[in-house]
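Trainee: I would like to learn how to read a model like this one, feature by feature. Could we start with how strands pair?

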Amino acid sequence: MESSLFVLYLFFLARVYTSAFDDGVNSDHPSELSTCTEIPTEENAEVSTQTLKSSYTKGDSLVFNCQPGYVGRVSFICDGYNWKKTRNAKCSRKRCALPEDIPNGRFILVNGTEFVYGTTIKYICNKGYQMASFIDNRTCLAAGWNNHLPLCEEITCSPPVAKENIIVDGLPDNDDLLRYGHQLQFTCKSGFKLVGQKDITCGENGVWNHPSPICEEITCKVGELNTVKIVAGVRGDFPPFKPKHSLTFKCIHSDWVMKGQSSVTCREDGTWSSSYPTCLANKGCGPPPLVDFADITTLQKTYYSSGESIKYMCQSLYTLSGQSYKTCTDGMWSGSLKCLKPCIVNIEDMDARNIQQYYGKKRKMFAAHEEHITFKCQYRRQPKRYSLEFRQQCNDGVMNLPSCQ
């Protein structure tokens with residue numbers, strides 16, 4: 001009986017030892033770690049105070065509430081050792097309603113791609129309209145879109161201030177507004193000229209793209225006088241001269257030579273009809289130069305004043321090229337003049353090439369510069385294969401001849 005009780009006692013001790021071994025001695029999680037200690041963190045969320053405790057054991061839970069602007073519910077359960085999220089939940093950005101459109105404008109996304117918490121949109125006015133509100137953006141907050149809808153108002157420009165002697169085309173007949181893109185044209189009354197842009201346009205910012213022009217009285221100003229003096233047409237101390245008024249000039253030294261027009265007239269556009277003349281000291285020239293194959297037809301002298309000219313004439317059969325005269329200019333003879341030579345075709349030259357003139361008997365031929373002579377082959381002769389044309393032109397004494405065989 002005692003031995004049976006002893007065996008039973010040993011069996012009981014073995015069960016207790018085994019249970020203790022399973023509960024902590026040889027377990028992966030010792031019994032002192034069978035609690036969840038460090039509280040987890042969750043992005044954009046805070047733990048609910050109602051679930052906070054000093055210690056957590058298996059089966060305890062933690063609930064996280066999403067921060068303002070975020071939606072969702074997140075919870076964790078202690079498995080005795082670690083916190084496990086109950087679902088794959090998270091706190092997502094709260095969505096805002098689709099933004100409202102505004103008349104004559106639209107919105108664009110400044111950041112983000114969806115209308116969720118933190119997204120900002122900006123309103124832009126259509127062409128011809130401008131932002132009338134101080135704030136043109138809205139941001140999605142926890143309670144929805146902030147700020148009021150902005151306002152786009154039509155762009156208009158103020159009418160130009162009326163100015164004397166100016167005519168404006170394009171102004172509305174009534175009190176209609178001068179809207180974006182509207183154009184005005186300006187002209188001046190008779191006797192006045194426009195200074196500035198003749199066309200202006202109402203711009204995108206409600207300002208005209210150019211200042212309004214003005215009209216000034218048309219006058220011609222007296223320019224700088226160097227070598228000439230005004231001898232007719234002066235009024236007082238050189239006031240502005242009106243159109244059609246004329247001035248006459250004279251060299252300040254009587255022996256000087258004037259270059260240019262001696263009189264000028266004020267034109268309708270406020271400019272003189274020509275530049276003021278200038279005067280140069282008179283430098284004379286000696287005897288005129290000889291020109292080959294030309295004769296002087298005017299009376300020859302040993303001294304010519306600046307500005308004097310002499311005339312040439314080419315000799316018989318010679319052709320004039322350029323001007324027929326030369327002029328004394330500041331001590332030098334100027335003028336392009338040349339007498340171009342005629343062409344002479346001898347009978348010997350034609351016989352050497354077995355040709356003759358096309359018309360009449362064979363004879364010596366003369367041709368002035370640029371004149372033509374037509375040839376033909378002599379009796380029973382044929383043109384050479386690469387012969388020149390049988391009609392040739394004289395070029396300053398040179399004429400090429402064809403050939404026959």
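Predicted model: local features only at pLDDT ≥ 70, side-chain atom pairs only at ≥ 80, totals over all residues.

Trainee: What holds strands together in general, and which residue stands opposite Cys 251 in β23?

Mentor: The strands of a sheet pair through backbone hydrogen bonds, in a parallel or an antiparallel way. Here, the residue across from Cys 251 is Val 228. Strand β23 also pairs with β25, again antiparallel, through 3 bridges. In that pairing, Leu 247 faces Val 264 of β25.

Trainee: Which residues of strand β23 lie on its covered face, and which on its uncovered one?

Mentor: Start from the general idea: along a regular strand, side chains alternate between the two faces of the sheet. In β23, which spans residues 246–251, the covered face holds Leu 247, Phe 249 and Cys 251. Ser 246, Thr 248 and Lys 250 make up the uncovered face.

Trainee: Now a whole sheet, please. What is the strand order in the open sheet of 4 strands?

Mentor: The order is β9-β10-β12-β13, and the pairing is antiparallel. The edge strands are β9 (105–109) and β13 (144–145); each has a single partner strand, so one side of each has no neighbour in the sheet.

Trainee: Moving on to loops, where does Gly 270 lie, and is it buried or exposed?

Mentor: Gly 270 sits in the loop between β25 (263–265) and β26 (278–280). Its relative accessibility is 16%, and because buried means under 20%, Gly 270 counts as buried. Beyond its neighbours within four places in sequence, Gly 270 contacts Ile 218, Thr 219 and Cys 220.

Trainee: What about Ser 403, buried or exposed?

Mentor: Ser 403 is buried too, with 19% relative accessibility. Ser 403 belongs to the segment after β37 (391–393). Setting aside neighbours within four places in sequence, its contacts are Arg 353, Ile 355, Pro 383, Lys 384, Ser 387 and Phe 390.

Trainee: Backbone angles next. Which phi does Asn 147 have?

Mentor: Asn 147 has a positive phi, about 65°, although it is not a glycine. This residue lies in the loop between β13 and β14 (152–154), and with a relative accessible area of 30% Asn 147 is partly exposed. Glu 370 also has a positive phi without being a glycine, at about 75°. Glu 370 is in the loop from β35 (365–367) to β36 (372–377), and at 52% relative accessibility Glu 370 is exposed.

Trainee: Let's zoom out. How many helices and strands does the chain have?

Mentor: There are 2 helices and 37 strands. The radius of gyration is 56 Å, well over the 22 Å from the globule rule for 405 residues, so the chain is more spread out than a compact globule. Along the principal axes, the C-alpha atoms fill a box of roughly 180 × 85 × 45 Å.

Technical notes:
Residues numbered from 1 in each chain as written. Heavy atoms only, no water. Rg over C-alpha atoms; globule rule 2.2 N^0.38 Å. Buried < 20%, exposed > 50% of the residue type's maximum accessible area, 1.4 Å probe, protein only. Contact = heavy atoms within 4.5 Å. Pairing = 2+ DSSP bridges.
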